[in-house]
Each structure stands twice: as structure tokens, then as C-alpha cells.
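Student: I am new to this structure and would like to learn how to read its features. Please take them one at a time.

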Amino acid sequence: MEFAVITGLKFGPTTEIPDSSKFFNKVFRGKTSLQVKDVQLAFLKSCKIDKGSGDEALKLVLLWVLFGILLMKDKTTKKIDMKFVHLVDNLDDFNNYPWGRLAYDVLVKNMRKHMGPKSITGRARKLMIKDKPTLPHIDVHGFAHVPQLWAYEAMPCVASYCATRRSKTSIPRMLRWDASKAFRFDELTQNYFPILKAGDKMSERMKVMENLVPTY
């Protein structure tokens, strides 16, 4: 539920997706696979032809946001799911699709893959073994902004470190924040969330302050 509160994206059962569309045949005629850059180039071409107006440009922007933010892939997985290109041909069906569920599943799967013990590189392991303060670099894909925005809402010390609240009432809640500086895990660990040893007590500033609930 908190993912939905932060993003405003819909959850629910998935709907049937067509396997062909006039939009695809017109814009990506002859292609058997697509990458995000193909969507970008098609949009830029559309802007030159009709100055970015019309349904075609809108559909291309929606796909660009979908594959470039909500379902962002890592560098080794460049191909995008063709079925969603067909889905955008019907804007009502596209807008009513449960993108929240899909974006959540993609993000959780990616975090489990890239943040588990096996994902840490050999070089990073050596640094950690030597007790050096260097932490491994981790790329999180999918809608990776959501955990950061959740931290702003649920842990005030994190928000005070790297964000500015612009509103107390905007919905969805991701609209309430501006990032004021880069989110660095090593600085947070050192200044706000020190690694606890056996027997240590958690300070008040390290606790999550609330569970997020919908507001209207």
C-alpha cells in the first residue's frame, strides 16, 4: 500500500493486452524488437514532423516515461516489452492498467538481485574485509526513486539530510518533496544510521516514525 501512497499508481488485476496495434505498425514498422532509444528517436522525429502534437507524440511520451522511469532496465537488458507498445494504442486501457503492481514487482525483483550478498563485487569484498569505509556501488533499476521518497516520509532524519518539503497536502506524496542534495548511503550510515553491534540500542532518530496511510 505504501508504494501506491507514494506514487499514486494503480494496483489491481492485470488486463488482457493486444498482440498487435495500428500504432506499432505505423511508428515501428518492420521492427522485431525495441529499445528505449527507439522510442526516444521516434518521439524526436514526431516533434520535427508535427511539433510534438497529436496522439502519436503523446503515446510515445507515455512509453518513454514507462520504460525510462517506471520499468527502467539496467544496461545489460536493453530490450523493452513489446506488448506495452501495443497497449498504448488505446489510451484508456493504457491509463487504467495496474502500473503500480508491475512497477513494484520490477523494483523488488531488481533490488533482491543487485543488493544481495552475491551482487557485491570482488573488489568491494576486499575493501569490506579490510574494514575500509568504502561501500560497494549498487545500481538499482525500476522505479528506484520510490524507496528514497518513502524514506523522506517515514524517517524525518533522512528528509532533513537531503530533501526539502514543498507541500504537506499534495497527492500522490512524491509531489511533496524536492531533493536538496545527492542521497549518499555512506554519509547516512556514518551520521544517522551507524551500524549496530550486538547489545547496542537503536536511537530514536534511527526508527521509522510512522506507517504511511492514504490521505484525501
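Tutor: Start with accessibility: a residue is buried under 20% relative accessible area, exposed over 50%, and partly exposed in between, using a 1.4 Å probe and protein chains only. This is a predicted model, in which local features need pLDDT of at least 70 and side-chain atom pairs count only at pLDDT 80 or more, while totals for chains, interfaces and linings use all residues. Residues are numbered from 1 along each chain as its sequence is written, and side-chain values use heavy atoms, leaving out hydrogens and water.

Student: Is V61 buried or partly exposed?

Tutor: V61 counts as partly exposed, because its relative accessibility is 32%. V61 is found in helix α4; helices (H or I, at least four residues) and strands (E, at least two) are DSSP runs numbered from the N terminus.

Student: Which residues touch the most other members of the largest nonpolar core?

Tutor: In soluble globular proteins, nonpolar side chains tend to be buried together. A nonpolar core is a set of buried Ala, Val, Leu, Ile, Met, Phe, Trp, Tyr and Cys residues joined through side-chain atoms within 4.5 Å. The largest one here has 42 residues, and those touching the most other members are F28, L63, L66, F84, V85, W99 and Y152. Elements that give two or more residues to this core include α1 (2–7), α4 (54–70) and α9 (145–154). The most comes from α4, with six residues.

Student: What does L66 touch?

Tutor: Contact means heavy atoms within 4.5 Å. Not counting residues up to four places away in sequence, L66 touches L71, M72, F84, F94 and W99.

Student: How many salt bridges does the structure hold?

Tutor: Side chains of opposite charge can pair when their charged atoms come close. A salt bridge is a side-chain nitrogen of Lys or Arg within 4 Å of a carboxyl oxygen of Asp or Glu. The structure holds five. One of them pairs D89 with K59, with the closest N and O atoms 3.0 Å apart. D89 lies in the loop between α5 and α6 (91–96) and K59 in helix α4, so this pair ties together parts 30 residues apart in sequence. D89 is partly exposed at 27% relative accessibility, whereas K59 is buried at 10%.

Student: Where do D178 and R166 lie?

Tutor: These two also form a salt bridge, the closest N and O atoms of D178 and R166 being 3.5 Å apart. D178 lies in strand β2 (residues 177–179) and R166 in the loop between β1 (163–165) and β2, so the pair ties together parts that are 12 residues apart in sequence. R166 counts as exposed, at 58% relative accessibility.

Student: Which residues does T7 touch?

Tutor: T7 lies in helix α1 and is buried, at 6% relative accessibility. Not counting residues up to four places away in sequence, T7 touches F143, V146, P172 and M174.
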